[in-house]
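These are my notebook entries on a structure that is new to me. I set down each item as I looked it up.

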Amino acid sequence: MSITVYELAGADGRVRFSPHCWKTVWSLAHKGLDFERVPVPFTGIAELGFKTLPVIRDGDRTVADSFDIAAYLDDRYADRPSLFGGEGGQGAARFIERWTILTVHSILGRALLPDINSCLAPQDQAYFRRTREARFGGTIEAVSEAGLKLLPGLHDALAPLRITLETQPFIGGGRPLFCDYIVAGAFQWARVVSAREILPVGDPVEVWFARMLDLYEGLGRKAATAAAAA
Ligand SMILES: N[C@@H](CCC(=O)N[C@@H](CS)C(=O)NCC(=O)O)C(=O)O
């Protein structure tokens with residue numbers, strides 16, 4: 001039976017921008033599982049009985065949170081390619097998750113606010129503006145302006161990732177693991193909502209991200225972008 005993944009979507013349901021949902025979509029593809037992707041607007045999440053997405057339904061099991069979903073999939077489908085490469089890999093992936101949120105999301109999540117807002121349906125825009133302006137303490141335009149000034153700093157902060165990817169094709173080593181999906185989810189978020197160049201062409205991180213987009217028959221690369229959907 002196919003697994004259902006509920007994914008955050010824009011006004012055009014094909015536009016799937018959530019970094020956390022991308023982690024789950026790539027995880028399901030990594031496991032070689034059949035899955036159906038269901039678009040959900042911000043204001044539709046509560047109707048599902050959850051506060052955030054992604055959420056998966058696998059038969060009678062419902063699992064929320066991208067990291068918990070990956071752990072569930074590795075446990076339930078242990079005979080399929082591992083997402084963590086074992087318990088130590090799961091611990092290390094937790095570090096990568098925290099690092100990504102503190103280093104990458106903290107900047108992109110500010111800089112991209114107006115881009116995210118513009119791809120949402122009107123009722124979602126009102127919700128998004130209200131919740132994000134309360135969270136960041138300023139208008140989404142002002143927070144984004146400050147966030148955009150932090151982008152050069154993001155380039156510097158990516159140095160450990162950059163030098164790692166100079167000597168191995170994936171963060172997971174010779175093959176992609178969940179830790180790769182964690183970081184790639186953040187750059188896919190930017191790629192779907194904005195035409196802005198976040199990773200300079202030829203940078204080892206950009207070369208790795210291109211490799212990530214090509215995985216699973218170009219699953220990430222084929223994603224509808226807000227610009228193409230407009
Ligand atoms: N730790 C969670 C975070 C999930 C999360 O924050 N999802 C966002 C979308 S990227 C969400 O659903 N937000 C709903 C809201 O802000 O109302 C995970 O990894 O799944």
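Which residue is the bridge partner of Ile56 in E4? I looked along the strand and found Val63 in that position. I note at the outset that I am working from a predicted model.

Entry on the strand pairs. E3 (residues 55-58) and E4 (residues 61-64) are antiparallel and joined by four bridges. Two residues lie between the strands of this hairpin, and there I recorded a positive phi near 60° for Gly59. I then turned to the pairing of E3 with E1, which covers residues 3-8. This pairing is also antiparallel and has three bridges. Within it, Ile56 of E3 stands opposite Val5.

Entry on the whole sheet. I traced the order of the strands as E2-E1-E3-E4, an open sheet of four strands with mixed pairing. At the edges I found E2 (35-40) and E4, each of which pairs on one side only. Direction ignored, neighbouring strands are turned against each other by 20° on average.

Entry on the helices. I first looked at how H1 is placed relative to the sheet: H1 lies across E1, E2 and E3, and its direction is at about 155° to E1. I next took H1 together with H2. Their axes come within 9 Å and cross at roughly 15°. An angle under 35 degrees counts as roughly parallel, so I describe H1 as roughly parallel to H2. The crossing of H1 and H2 is right-handed. On the H1 side, I listed His20, Lys23, Thr24 and Ser27 as making the contact, and on the H2 side Ser66, Ile69, Ala70 and Leu73. By class, I sorted the residues of this contact into three nonpolar, four polar and one charged.

Entry on the ligand. I found 13 residues around the ligand, and those that come nearest are Ser18, His20, Thr52, Asp65 and Ser66. The elements giving two or more residues to this shell are helix H1 (19-30) and helix H2 (66-76). I noted that His20 and Ser66 are listed among the nearest residues to the ligand and also take part in the contact of H1 with H2.

Key. Residues are numbered from 1 along each chain as its sequence is written. This is a predicted model: local features need pLDDT of at least 70, side-chain atom pairs count only at pLDDT 80 or more; totals for chains, interfaces and linings use all residues. A residue is near a molecule or strand if its C-beta atom, placed from the backbone, lies within 6 Å of it. Two strands pair if DSSP finds at least two bridges between them. Axes are lines fitted to C-alpha atoms, for helices over the stretch in contact, and angles run from 0 to 180 degrees between N-to-C directions. Angles under 35 degrees count as roughly parallel, over 145 as roughly antiparallel, 65 to 115 as roughly perpendicular and the rest as oblique. A crossing is left-handed if the near helix is turned anticlockwise from the far one by less than a right angle, and right-handed if clockwise. Two residues are in contact if their C-beta atoms, placed from the backbone, lie within 7 Å. Ala, Val, Leu, Ile, Met, Phe, Trp, Tyr, Cys and Pro count as nonpolar, Asp, Glu, Lys and Arg as charged, and the others, Gly among them, as polar.
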